[in-house]
Amino acid sequence: MQSCLFCRIIRGEVPSETVYQDDLAVAFKDIRPQAPVHLLVVPRKHVPTLNDVKPEDNATLAHLFQVARQLAEQFGVHQKGYRTIFNVNAEAGQTVYHLHLHVIGGRRLSWP
Ligand code: 5GP
Ligand code: ZN
C-alpha cells in the first residue's frame, strides 16, 4: 500500500524507533506513548484490521503475539504486567488502518 503510514514506516520512508524486525513483522515505539512502554507490532503484509485477517494469516497473527511477549520481556514489563491490544475500527479508536498490536506497560493500567 503506497500511502499507508505503517507500510511507509516498514519501508523506511517514515522514520520510527524500530525495536524489532524479521521477515513477517516489524515493531517500533508509538509516537504518542500512553505508558512508559508503548510499542506497536505490525505485520509486513498490509492488512487493514483484524476483521480482514484470513485463515492463511493465522501464522502471522500468532507471530505478532510471540514478538509482543518477547518485547515485553526485553522491556522489563513481562512480570509486573502489560496489555496487548488490537483496536478494531472507529468505535474502538482505530486511527491507522494497518493491523497493529499495541504492547503497553510500565504503569498500572485502568480498564478498559
Ligand atoms: P490505533 O489508534 O489505530 O489503535 O493506533 C495507532 C497508533 O499509532 C497510535 O497509538 C498513534 O500514537 C501511533 N502513531 C500514529 N502515527 C505514528 C507515527 O508516525 N509513528 C509512530 N511510531 N506511531 C504513530
Ligand atoms: Zn499498510
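Which pocket is the space taken by ligand 1? The space taken by ligand 1 is the largest pocket, a pocket being an open set of points on a 1 Å grid over the protein atoms alone, with protein on both sides within 12 Å along at least five of seven lines. A molecule sits in such a pocket if more than half of its atoms lie within 2 Å of the grid points.

Before selecting anything else, keep in mind that this is a predicted model, in which local features need pLDDT of at least 70 and side-chain atom pairs count only at pLDDT 80 or more, while totals for chains, interfaces and linings use all residues. Residues are numbered from 1 along each chain as its sequence is written, chains are lettered from A and ligands numbered from 1 in the order in which they are written, and side-chain values use heavy atoms, with hydrogens and water left out.

**The shell around the ligand**

Select ligand 1 and the 16 residues around it, of which Lys29, Asp30, Gly93, Thr95 and His102 come nearest; a residue is near a molecule if one of its heavy atoms lies within 4 Å of it. By class, the shell holds seven nonpolar, six polar and three charged residues, where Ala, Val, Leu, Ile, Met, Phe, Trp, Tyr, Cys and Pro count as nonpolar, Asp, Glu, Lys and Arg as charged, and the others, Gly among them, as polar.

Colour next by secondary structure, with helices (H or I, at least four residues) and strands (E, at least two) taken as DSSP runs numbered from the N terminus. Helix H1 (5-11) and strand E2 (25-29) each supply at least two residues of the shell, and H1 gives the most, with three residues.

Now display the polar contacts, which are pairs of N or O atoms within 3.5 Å; within protein, one atom must be able to donate a hydrogen and the other to accept it, and residues adjacent in sequence count only if both atoms are side-chain atoms. A polar side-chain atom of Asn87 lies 2.9 Å from an oxygen atom of ligand 1, a backbone N or O atom of Gly93 lies 2.8 Å from a ligand oxygen, and an N or O atom in the side chain of His102 is likewise 2.8 Å from an oxygen of ligand 1. Taken alone, ligand 1 exposes 520 Å², of which the protein buries 87%; accessible areas come from the Shrake-Rupley method with a 1.4 Å probe, and for residues only the protein chains shown count as cover.

**The loop between E4 and E5**

Move to Gln94, in the loop between strand E4 (82-85) and strand E5 (101-105). Is Gln94 buried or exposed? Gln94 counts as buried because its relative accessibility is 7%, buried meaning under 20%, exposed over 50%, and partly exposed in between. The side chain of Gln94 reaches the backbone oxygen of Pro48 at 3.1 Å and that of Val96 at 3.0 Å.

Asn89 lies in the loop between E4 and E5 as well, and is partly exposed, with a relative accessible area of 31%. Its phi is near 70°, a positive value in a residue other than glycine.

**Further stops**

Select Pro112, in the segment after E5, where the peptide bond from Trp111 to Pro112 is cis, with omega near 0°. Most residues other than glycine have a negative phi, and most peptide bonds are trans.

Finish in helix H2 (residues 58-74), the place of Leu64, which counts as buried at 0% relative accessibility. Leu64 and Leu40 are 24 residues apart in sequence and 9.7 Å apart in space, C-alpha to C-alpha.

Technical notes
On a 1 Å grid over the protein atoms alone, a cavity is a set of points where a 1.4 Å probe fits but cannot get out, and a pocket is an open set with protein on both sides within 12 Å along at least five of seven lines; lining residues have an atom within 4 Å of a point. Buried means under 20% relative accessible area, exposed over 50%, partly exposed in between (1.4 Å probe, protein chains only).
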